[in-house]
Amino acid sequence: MTEPVPWPRDPGHVRRAGISAFGISGTNAHVIIEEAPADLDTEPVPAAGPAGPGGPVLWVLSGRTPAALRDQARRLHERFASPAAEAAAATEAEDRSGTDTGAGAGAEAGSTRVDAVGVGAGLALTRSHFAHRAAVVAEDPADLLDGVAALARGELPRTAVRGRAVREARTAFLFSGQGSQRPGMGRELAATHPVFANALDEAGAAVEAASGVPLRPMLFAEQGSVQAEHLDRTEHTQPALFAFQFALLRLLESWSLRPDVVTGHSVGAITAACAAGVLTLSDAAALVVARGRLMGALPPGGGMVAVEATEEEVLASLRAAPLGSALALAAVNGPRAVVVSGPSEALTGWAEQWSARGRRTRTLRVSHAFHSPLMEPVIGELDALAATLTHADPRIPLVSDTSGTLAGPRTLAAPGYWGRHADRPVRFHDAVRTLRAEGVTAFLEIGPAAVLTTMVQACLEDGAGLLAVPALTRDAPEPEALLSAVAELHLHGAAEDLSGLFTGVDPRRVRLPTYPFQQRRYWIDGPAPRPEPAAPDDRAARAPHPPAEQDPTGVRDTAASAPLDVLDTVLAQVAHVLGYDDETPVPADATLLELGVDSMGAVRLQRRLRDVTGLDLPATLLVEHPTPTALAARLGPLLEDAPPGGPSTEGSSPPGNRTADDDPGAGPTDDDPAPTTADPAATGRESSPGPYAALVRTAHERDELAQVLPLLQTAARYRSTTVGEPLPDPEPLLVCDGSSAPGVVCVPSFLAGSGPHQFARLATGFHQRPRVTALALPGFGDDPRTPASWAELVDALASAALRSVGEAPVLLVGHSVGGVIAHAVAAALERAGHPVAGSVLIDTYAPVPEERSAVFSWAMGSVLDRDPEGRAVSEAAVLAMGGYLGLLDAWSEEPLTAPSLLVTAERPPAAAVDPAGPAWTLWRGAGTTTSVPGDHFSLLEAHAHDTARAIEGWLRKELS
């Protein structure tokens, strides 16, 4: 045949045809085709998965290359975006099923009536899942279409996630413990998913049979109600968490998502044992009810404190604690994340010792001293109950949180296991390492909020290729958050089977676009002339070209090599993390903390920025660059400096590390060079510490930091300075874009590891919301040149302060030795005639020569203790610090007529008040001194709002 011909259907016969094709060389091919059988199911079946009424829908896409993935998204959008295309697709579906899908006929003009469930089922169940993947989660079909349109443009919208599955991943379910509960947990899931609602009722009935207390009214209570307050009582919290986690597990299992390994944290271990099949539902419910009831009945007076320290450090400290203090190691949640439990009074004194050493501490909001000797009264009754339970062999491997190792039925059924589980420490760090040793690369937290997810990332030394994601978060709708978590797992290579999401849905009821094969031309051409580079303009600085992407065709992908507007990209990703709609603007110069990006949000933002830029971003990125503007300023040069063929904006593997699926047999080209050693500047971090950074750390370990002072000052003199040339003015970094006067200008310490980012929390504590900027000291940024003299430093900072506040009065604020600099800048501005509202020195000691070595040794030692991995204390920062130490030799206190305030910490360094040695001299030139709770470092961290209130109160009195 050379043209189509009619082929009428005969009701009595099946249509078949034989086709033969012959080539000139003798090659031939034969095929017999037959019409498909009529669909026997004429009635549409309602969806049982997330495609049910009123719930979000998941669309998954994939491609062998990033370019193919974008083309797939573009085809999908073109197929269903227009009303005509929608109507055609709906008519197609009706013709194939013989039923009205309700998605096409009669649709109003211009309306979006896409059969979103049918499209989702087809994408999930009738398409191969290649390595490069993306997913869109939304309830409104219009949002789904907008999401794929954005993916087609190379963007990453709020509704979408993107990733690469190199291999099928092993998955661990982590069941969180007490503290993750929240009012209303499970209400939205129960309303959307009958499987969850039924499982919650089943678990609730088991709990009620053991306790006599109905759970649903307490779980679904509105925040602030009496019922919601009951949820925080231990006797109710533990059973409620168990029932919620059991129902969430059953819902995920109905979606074909099952764990390879499970573990739990504290009371979450009981749910893990039930999930593994070790305990029946009724036995697990009886155990958790008894545990909560017995613990809740204990007398009050106990507490728990989290401290930034290693297990070895804490154990040594506990051994040195007074006899009878009853303090105990309660949990090891990470390499430097330990919880101690015991009587409140003894615990407070013990925690203050760590704060005095510059370590972060946090008092947990708990009713009792869990996992401590104060739990002893409950052990006997728990053991007696556990002896009556039936322990089966685990169907799923279970990692014990008391040993941190795989546990069999003998371990869990051993006499005393569940009783001692209440007073022994939780070894979560060891449990995560065991899971990793078992080949787990995907961690899903099963609980009502994200608690364990950030701990997992801290437990693993190398997080490359690993995914930790919470099933739910506190700030997102439950159905959307859960489906997004499943999407992320699928993108990582877990949750490969998505059939459970679309139970009862015909995956072929909507015709989808075919795979966008990336055509490759094999004709040999001469080398194409290279275009002349365009003249640079202002836009280029704002929108650098990201690294070009190479696909198997050998042709650059135009979407990947188009200019990327860095600031707009950062703002978009911040908006997505915060859950903003498209109409809500994100202030570019507000700090992430000010905007509401918490620790879990920071993890998500870092991951999204990595995916959209393709850069290997340092863990300290968001700390060192705390505003969208600062982030864009840092990412821009990294994108410009990345070599061609380097990390793509789609997160594809670098050249030389491709799989056979990416490019079977294609060799390197001019645009795809062989892999080279990564440039530390391109990744934003040094590959290894330099000799002086290593020297400082070694000297601290030997308690000899004072001896390296002269060496650092000498080394700095041979480093680049501004002798004979002007010092570039520092660029003020906007921390808070307020309007009330005076303008606040902050000056950090010159200790390595310090910087403008330290003032982010302080800025959020001011009620009047002034404009707050922070200055980066010359020599600590991209330009390594340090000032040649103290006077040059002061003049440069004064000029920067003026650019920040304009004609408005200025309040200079400095922390630690930065207070000395801030006072000098205030005096210089006052001499120049600019209005100075005052100077504030936060825990500043006078830099008198005879005390300088001792104060420096303590302060730098504390910074090193807080930075065990050496991420903040770089070689460049250490040498710059040496230069500034030399500048202090020319310092002398200058008179200032404007008022000044010294803010001191209620917990001073132990060495500063040691009776056996000379007391350190606090700054003596302040007109007012006030004390604030906390220590030298927490004044800008946990107690930053106390510091801000003290400054505001003082300033109000001075200006009145």
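Among contacts in the protein (heavy atoms within 4.5 Å) between residues at least 6 apart in sequence, 79% join residues at least 24 apart. This is a predicted model, in which local features need pLDDT of at least 70 and side-chain atom pairs count only at pLDDT 80 or more, while totals for chains, interfaces and linings use all residues. Residues are numbered from 1 along each chain as its sequence is written, and side-chain values use heavy atoms, with hydrogens and water left out.

**Overall composition**

- The protein has 35 helices and 22 strands; helices (H or I, at least four residues) and strands (E, at least two) are DSSP runs, numbered from the N terminus.
- Of the 960 residues of the protein, 54% count as buried. Buried means under 20% relative accessible area, exposed means over 50%, and partly exposed lies in between, with a 1.4 Å probe and protein chains only.

**The six-strand sheet**

- An open sheet is formed by 6 strands in the order E13-E12-E7-E6-E14-E15, with mixed pairing. Two strands pair if DSSP finds at least two bridges between them.
- Strand E13 (406-407) and strand E15 (467-470) each have a single partner strand and stand at the edges, so one side of each is left without a neighbour in the sheet.
- Helix H19 (residues 478-492) packs on this sheet and touches E14 and E15, and its direction makes about 170° with that of E15. For such angles, axes are lines fitted to C-alpha atoms, for helices over the stretch in contact, and the values run from 0 to 180 degrees between N-to-C directions.
- Strand E6 (residues 170-175) runs parallel to strand E14 (residues 440-446), and 6 bridges join the two.
- E6 also pairs with E7 in the parallel sense, over 4 bridges.
- Phe173 has Leu444 as its bridge partner in E14 and Val262 as its bridge partner in E7.
- E7 pairs in the parallel sense with strand E12 (residues 398-399) over 2 bridges; the bridge partner of Thr263 in E12 is Val399.
- In a regular strand the side chains alternate between the two faces of the sheet. In E7, Val261 and Thr263 point one way and Val262 and Gly264 the other way, and all are buried.

**The three-strand sheet**

- Another open sheet, of 3 strands, has the order E3-E4-E5 with antiparallel pairing.
- Strand E3 (57-63) and strand E5 (160-164) stand at the edges with a single partner strand each, so one side of each is left without a neighbour in the sheet.
- From one strand to the next, the twist averages 15°.
- Helix H4 (residues 141-152) lies across E3, E4 and E5, and runs at about 155° to E4.

**Residues in loops**

- Gly179 is found in the loop between E6 and helix H5 (187-192). Gly179 counts as partly exposed because its relative accessibility is 45%.
- Although Gly179 and Leu364 are 185 residues apart in sequence, they are 9.0 Å apart in space, C-alpha to C-alpha.
- Ser256 lies in the loop between helix H9 (234-254) and strand E7 (261-264). Ser256 has a positive phi of about 70° although it is not a glycine.
- His371 belongs to the loop between strand E11 (361-363) and helix H14 (376-386). Although not a glycine, His371 has a positive phi of about 55°, and it counts as buried because its relative accessibility is 4%.

**Cavities**

- On a 1 Å grid over the protein atoms alone, a cavity is a set of points where a 1.4 Å probe fits but cannot get out, and lining residues have an atom within 4 Å of a point. Grid points are joined across faces, edges and corners, and a volume is the space filled by probe spheres set on the points.
- By this rule there are 6 cavities of 30 Å³ or more, and the largest cavity has a volume of about 230 Å³.
- The largest cavity is lined by 20 residues, of which Ser816, Val817, Arg852, Val855 and Phe856 lie nearest its centre.
- Helix H33 (residues 849-866) supplies the largest share of this lining, with 6 residues.
- The lining of the largest cavity divides into 13 nonpolar, 4 polar and 3 charged residues. Ala, Val, Leu, Ile, Met, Phe, Trp, Tyr, Cys and Pro count as nonpolar, Asp, Glu, Lys and Arg as charged, and the others, Gly among them, as polar.

Key:
On a 1 Å grid over the protein atoms alone, a cavity is a set of points where a 1.4 Å probe fits but cannot get out, and a pocket is an open set with protein on both sides within 12 Å along at least five of seven lines; lining residues have an atom within 4 Å of a point.
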